[in-house]
Amino acid sequence: MLTIYGVLRSRASRTDWLARELGLAYERVPVIQAYRLSDPDAPDTPLNTASPAFRAINPNGRIPAVTDGDVTLCESLAINLYLAKRHGGPLAPADLREDGLMTMWTLWAATECEPHTLPILLHGEGTSARDRAAVADAVEAVGGAFAVLAAALDEGGGHVVGGRFTVADLNLAEVFRYAQGQASLFAGHPAVARWLDACQARPAFRAMMAERAREFD
Ligand SMILES: N[C@@H](CCC(=O)N[C@@H](CS)C(=O)NCC(=O)O)C(=O)O
């Protein structure tokens, strides 16, 4: 049985979305970020990223993590590649070539895109850490990635690998959605806007987001 550790207001959304896409039976343990708690070490505190019991699963103290039989993994995007390959189907690579491409897009998302899209989310309009300069720098820095993705989507018929929705689209979509507060980026690259809308219209994404919206009530 697959267990996903993490609240959905975190990168655990990525793995929960994928598990729903794959139709997996899984349990989710709502480990919360320690920084959301006033005293993460209090005796009655919920399981959190500083809890020794969770650190035994992910010594980095970050969510998500998963256990799947005797496999324990952290790093959201790597977990997603593993789960897609383990369960197969259209979201998974059909061959080594597709595997290479899905790995490439996933590492590109993590290393070249997320460092710029995340500040747009964290410091954008309406956040408690509003920082216009940081957002302006991030928008400038991520423009090239939007252009690269738009060209790939145009060439690939609306998807980055195999002409179909795959784990590579899902991993990219979870990184590019952080930039949604900057409409100008999407207006300048309509192929990216259409693609992200289509990814987020998927029933599995909507179900995950609906559960996420109820999470801290
Ligand atoms: N590269 C990691 C990053 C994981 C990460 O930073 N998770 C955040 C929540 S989105 C976290 O666990 N923060 C806990 C903390 O800072 O205490 C991944 O993609 O899984």
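## Ground rules

Since this is a predicted model, local features need pLDDT of at least 70 and side-chain atom pairs count only at pLDDT 80 or more, while totals for chains, interfaces and linings use all residues. Residues are numbered from 1 along each chain as its sequence is written, and side-chain values use heavy atoms, with hydrogens and water left out.

Residues 1-91 carry the UniProt annotation "domain: GST N-terminal", from an unreviewed entry. This span is 30% helix and 18% strand, and its end C-alpha atoms lie 20 Å apart. Helices here are DSSP runs (H or I, at least four residues), as are strands (E, at least two), numbered from the N terminus.

The unreviewed UniProt entry also has "domain: GST C-terminal", covering residues 95-216. Over that stretch the chain is 73% helix and 0% strand, with end C-alpha atoms 41 Å apart. UniProt positions follow the numbering used here, feature names are shortened, and annotations may be inferred rather than shown by experiment.

## Around the ligand

There are 13 residues around the ligand, and Arg11, Thr49, Ile63, Glu75 and Ser76 come nearest. To count, a residue needs a heavy atom within 4 Å. The side chain of Arg11 has an N or O atom 3.1 Å from a ligand oxygen, and a polar side-chain atom of Thr49 lies 2.9 Å from an oxygen atom of the ligand. Ile63 uses its backbone instead: an N or O atom there is 2.8 Å from a ligand oxygen. Polar contacts are pairs of N or O atoms within 3.5 Å; within protein, one must be able to donate a hydrogen and the other to accept it, and residues adjacent in sequence count only if both atoms are side-chain atoms.

Most residues other than glycine have a negative phi, and most peptide bonds are trans. The bond from Ile63 to Pro64 is cis, with omega near 5°, and Pro64 sits in the loop between α2 (52-55) and β3 (65-68). Glu75 is not a glycine, yet has a positive phi of about 75°; look for Glu75 in the loop between β4 (71-74) and α3 (76-87).

## Helices side by side and crossed

The axes of α4 (residues 96-123) and α6 (residues 167-176) come within 9 Å and cross at roughly 0°, which makes the helices roughly parallel. Axes are lines fitted to C-alpha atoms, for helices over the stretch in contact, and angles run from 0 to 180 degrees between N-to-C directions.

For α5 (residues 132-155) and α8 (residues 190-200), the axes come within 8 Å and cross at roughly 70°, so this pair is roughly perpendicular. The cut-offs: under 35 degrees is roughly parallel, over 145 roughly antiparallel, 65 to 115 roughly perpendicular and the rest oblique.
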